[in-house]
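I opened this entry to keep track of what I looked up. Notes follow in the order I took them.

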Amino acid sequence: KQWYQRRVRGIRFILESSLRSSVDPASLDSELQQLGFPKEHATALTKAYTDYCEEGSEALRKLTLRLPPPTIDWSVDYIVTDSKEGDVGQPLLNLTINGTPCTLSSAKLDTLIHELKTAAECIKNVKL
């Protein structure tokens with residue numbers, strides 16, 4: 001019984017990995033044969049992969065980790081003068097994300113915006 005379960009888990013892993021990587025059917029067939037599957041079994045699995053590729057990809061997309069949107073609260077403080085330093089004139093952003101507060105100067109805010117834009121570009125380029 002365990003022998004069959006391990007085989008089924010192995011086949012499932014191969015097919016899920018192929019779907020995630022958008023492997024073309026010819027490559028999948030070749031790889032299955034190189035792993036020792038008889039040609040007719042590799043062909044049958046490749047046909048099932050081809051027939052249900054879109055549905056399988058959609059099912060995997062639904063299973064991926066999804067996080068709820070963050071709760072964000074913010075305000076801007078503009079300190080005109082400081083008793084110790086005199087004229088300051090630097091705006092500060094008070095930011096609270098999911099209950100965690102932080103204060104950012106304009107330079108830190110510029111850095112944060114740049115890093116978030118870079119991260120968004122990286123995420124766009126990820127192929128699912």
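Which residues form a nonpolar patch on the surface? I looked that up before anything else. The model is predicted, so every value here is computed from it. I found Ile72, Trp74, Val76 and Ile97 in the patch. Together they have about 420 Å² of accessible area.

I picked Val76, which is found in strand E1. Is Val76 buried or exposed, or in between? Its relative accessibility is 48%, so I logged Val76 as partly exposed. The cut-off for exposed is over 50%.

Next I turned to Thr46. I located Thr46 in helix H3, which covers residues 39-51. Thr46 counts as buried because its relative accessibility is 8%, and buried means under 20%. What does Thr46 touch, leaving out residues up to four places away in sequence? I noted Pro25, Leu28, Asp29 and Leu32.

Then I looked at the whole chain. I counted five helices and three strands. Along the sequence they run α-α-α-α-β-β-β-α.

I checked the overall dimensions. The radius of gyration is 26 Å, whereas a compact globule of 128 residues would have one near 14 Å. The C-alpha trace spans about 85 × 30 × 20 Å along its principal axes.

Of the 128 residues, 12% count as buried. The chain exposes about 10,500 Å², with 60% of that from carbon and sulfur atoms. Of contacts between residues at least 6 apart in sequence, 29% join residues at least 24 apart.

Notes
Residues are numbered from 1 along each chain as its sequence is written. This is a predicted model: local features need pLDDT of at least 70, side-chain atom pairs count only at pLDDT 80 or more; totals for chains, interfaces and linings use all residues. Side-chain values use heavy atoms; hydrogens and water are left out. Patches are made of residues with over 30% relative accessible area and no salt bridge: like charges are joined within 9 Å, nonpolar side chains (Val, Leu, Ile, Met, Phe, Trp, Tyr) within 5 Å. Accessible areas come from the Shrake-Rupley method with a 1.4 Å probe; for residues, only the protein chains shown count as cover. A salt bridge is a side-chain nitrogen of Lys or Arg within 4 Å of a carboxyl oxygen of Asp or Glu. Helices (H or I, at least four residues) and strands (E, at least two) are DSSP runs, numbered from the N terminus. Buried means under 20% relative accessible area, exposed over 50%, partly exposed in between (1.4 Å probe, protein chains only). Contact means heavy atoms within 4.5 Å. The radius of gyration is taken over C-alpha atoms; the globule rule is 2.2 Å times the number of residues to the power 0.38.
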